[in-house]
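Open the model in your viewer and keep the selection tool at hand. Each stop below says what to pick and what is there.

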Amino acid sequence: MNTVLAVTELLNLLGAATAAADKMSALIRKANSENRDLTDEELASLRSDSQAAVDKFLSR
Amino acid sequence: MDKSVFGGLVRHVLTILGGGLISAGYITAEELSTAAGAIIALLGVAWSVFTKVKGAKQLPAVFIVPVLCLGLSGCGHFEKPVTPKQKYAAAETQFAALVGYLDDLAERGKLKGDDLFNTQSAVVAVNNTLKLWKTAVQENDEAKIEQYRLTVIGALADMERIYTEVKQRK
């Protein structure tokens, strides 16, 4: 049973990590296609997303 | 050795190492304090889960996260972050995913009590380091960028190492 739960958790986690990697990849592809690096606004948006996630988690 | 003694030892080691970095002009005392706090908080979580795993034989799912975070750049499917801004972006997206995952665990009641508190403390510490990392990226300060990148990844790597050791003993 513990193994089943562990695999489930791993899949959940893998899903979250994959979604994050997809988001990062999309940003980098867009920047590369425009022949530029990521902008400060894009970085600020990521920081804002992280901060929102942190704030939600800390409210527990 | 209990958790407070372990934390004290880590702090002493970091103070000694950090003192050298301050003397060499690589970091300020404030930055050392932030970085040391992040590392100690993460190791505190690792220690807490480690001691529980030994007794309860539960899978410390939170330790799997670092493996995924560290392995990310090796996944061919994804764009590999190359520039300092891209590497920072990769860390931010993975961090947000990690926090979202931890929040989900807490929502489902699988992360609670001391584990929840310690994890929240670790998240705050890494979050603060990421803020400093972002500033360093925008200021194009290569030394600080590397310092903060290593702080975050190193803390996660230590957690992953302990998790691997625990698995190998079982």
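**Stop 1: a threonine in a helix**

Select Thr129(B), which lies in helix H5 of chain B. Helices here are DSSP runs of H or I with at least four residues, strands are runs of E with at least two, and both are numbered from the N terminus. This is a predicted model, in which local features need pLDDT of at least 70, side-chain atom pairs count only at pLDDT 80 or more, and totals for chains, interfaces and linings use all residues. Residues are numbered from 1 along each chain as its sequence is written, chains are lettered from A and ligands numbered from 1 in the order in which they are written, and side-chain values use heavy atoms, without hydrogens and water.

Is Thr129(B) buried or exposed? Thr129(B) counts as buried, because its relative accessibility is 1%. Buried means under 20% relative accessible area, exposed means over 50%, and partly exposed is in between (1.4 Å probe, protein chains only). Now show the backbone oxygen of Ala125(B): a polar atom of the Thr129(B) side chain lies 3.0 Å from that oxygen.

**Stop 2: the whole of H5**

Select residues 113-138 of chain B, the 26 residues of helix H5. The expected span is 1.5 Å times one less than the number of residues.

Step past the helix to Asn140(B), in the loop between H5 and helix H6 (142-169) of chain B. Phi of Asn140(B) is positive, near 55°, and the residue is not glycine. Most residues other than glycine have a negative phi. Asn140(B) is exposed, with a relative accessible area of 53%.

**Stop 3: an aromatic pair**

How many aromatic pairs does a search of the whole structure find? There is one over all chains. Select Tyr88(B) and Trp133(B): their ring centres are 5.8 Å apart and their planes meet at 70°, so the pair is edge-to-face. Rings of Phe, Tyr and Trp (its six-membered ring) pair if their centres lie within 6.5 Å; planes under 30 degrees apart count as stacked, over 60 as edge-to-face and the rest as tilted.

The pair links distant parts of the chain, 45 residues apart: Tyr88(B) is in helix H4 (residues 84-107) of chain B and Trp133(B) is in H5 of chain B. Both Tyr88(B) and Trp133(B) are buried.

**Stop 4: across to chain A**

Color chain A. It has two helices and zero strands. Of its 60 residues, 33% count as buried.

Pick Ser50(A), in helix H2 (residues 40-58) of chain A. Ser50(A) is buried, at a relative accessible area of 0%. Which residues touch Ser50(A), leaving aside neighbours within four places in sequence? Ser50(A) is in contact with Glu92(B), Phe95(B) and Ala96(B). Contact means heavy atoms within 4.5 Å.

Next, take Asn35(A), in the loop between helix H1 (2-33) and H2 of chain A. Phi of Asn35(A) is near 55°, a positive value in a residue other than glycine. Asn35(A) counts as exposed, at 72% relative accessibility.

**Stop 5: check the confidence**

Color by pLDDT, the predictor's confidence in each residue, from 0 to 100. The mean for chain B is 68, and 44% of its residues reach 70 or more. Select residues 55-76 of chain B: pLDDT stays under 50 there. Where pLDDT is low, the predicted coordinates should not be read in detail. For the complex, the predictor gives an ipTM of 0.88 and a pTM of 0.63.

Definitions and conventions
Polar contact = N/O pair within 3.5 Å; in protein donor to acceptor, adjacent residues only side chain to side chain.
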